[in-house]
Amino acid sequence: MKYVDDAEVAVLAAAKDMLRRGLVEGTAGNLSARRRDGSLVITPSSVDYADMALDDLVVVDPDGSVLHAKDGRMPSTEMQLHLACYRAFDDIGSVIHSHPVWATMFAVAHQGIPACIDEFAVYCGGEVRCTDYAASGTPDVGRNAVKALKGRAAALIANHGLVAVGPRPDKALHVTALVERTAQIVWGARALGGPVPIPEDVNANFAGVYTYLRAN
């Protein structure tokens, strides 16, 4: 089972960086990491990332029961998404849900982002799929995300945004930024006649590299 040392520090640093990069606005999105004891540290609901401090973070058990929270802080309303990912994938230590503009355009259109850039294929495992629609905050968001994340580091959440997984918050944030950048490139490539996909045999090799990197 993957866990993150100094999980609180790692989550807060990634949260601040996510805001700086423009991948969320205000209090949107959420981040979490798995601690050595199996509990999870997750960003709180309705606290602006610009003002967020270490003691604002919430600790929950694997079932979502609050173990520690400052002054009645509540875990993110999308906690069920995070819990579903950790239950499904023992080889991840962090989950990031964000609302990047270009990637969310694909999510609103229910279109996946093709693996047409080498780096994207290596770090994401192939095409980033879009989930079936589910209302925000419901368990179905997590269930649908787990299906779309099979063999991938990211998935588009229909009509909502993006979820990325990784061994640590900084790695999941790298995937988030890479998906957003690729979404913008694919959008532009369509104006030039459409992106040309990486050959299937090469893409399969890249997927193998992703599987190795994820396991190590």
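**Salt bridges and a surface patch**

Q: Start with Asp 37. Which residue does Asp 37 form a salt bridge with?
A: Arg 35, with the closest N and O atoms 3.6 Å apart. A salt bridge here is a side-chain nitrogen of Lys or Arg within 4 Å of a carboxyl oxygen of Asp or Glu.

Q: Before we go on, what kind of model is it?
A: It is a predicted model, where local features need pLDDT of at least 70, side-chain atom pairs count only at pLDDT 80 or more, and totals for chains, interfaces and linings use all residues. Residues are numbered from 1 along each chain as its sequence is written, and side-chain values use heavy atoms, with hydrogens and water left out.

Q: Is Asp 37 buried or exposed?
A: Exposed, because its relative accessible area is 58%. The cut-offs are under 20% for buried and over 50% for exposed, with partly exposed in between (1.4 Å probe, protein chains only). Arg 35 has 23%, so Arg 35 is partly exposed.

Q: How many salt bridges are there by this rule?
A: Eleven.

Q: What about Lys 70, which side chain does it meet in a salt bridge?
A: That of Asp 56, at 3.7 Å from N to O. Lys 70 sits in the loop between β4 (66-68) and α2 (79-88), and Asp 56 in the loop between β2 (40-42) and β3 (58-60), so the pair ties together parts 14 residues apart in sequence. Helices (H or I, at least four residues) and strands (E, at least two) are DSSP runs, numbered from the N terminus.

Q: Is Asp 56 buried or exposed?
A: Buried, because its relative accessibility is 4%. Lys 70 is at 26%, so Lys 70 counts as partly exposed.

Q: And Asp 91, what is its partner?
A: Arg 214, with the closest N and O atoms 2.8 Å apart. Asp 91 is in the loop between α2 and β5 (94-98) and Arg 214 is in helix α7, so this pair ties together parts 123 residues apart in sequence.

Q: Which residues do shared partners join into one network?
A: Asp 55, Asp 56, Lys 70 and Arg 73.

Q: New topic. Which residues form the nonpolar patch on the surface?
A: Tyr 123, Val 209, Tyr 212 and Leu 213, with about 390 Å² of accessible area together. Areas come from the Shrake-Rupley method with a 1.4 Å probe; for residues, only the protein chains shown count as cover. Patch residues have over 30% relative accessible area and no salt bridge; like charges are joined within 9 Å, nonpolar side chains (Val, Leu, Ile, Met, Phe, Trp, Tyr) within 5 Å.

Q: Where does the largest share come from?
A: Helix α7 (residues 200-215), with three residues.
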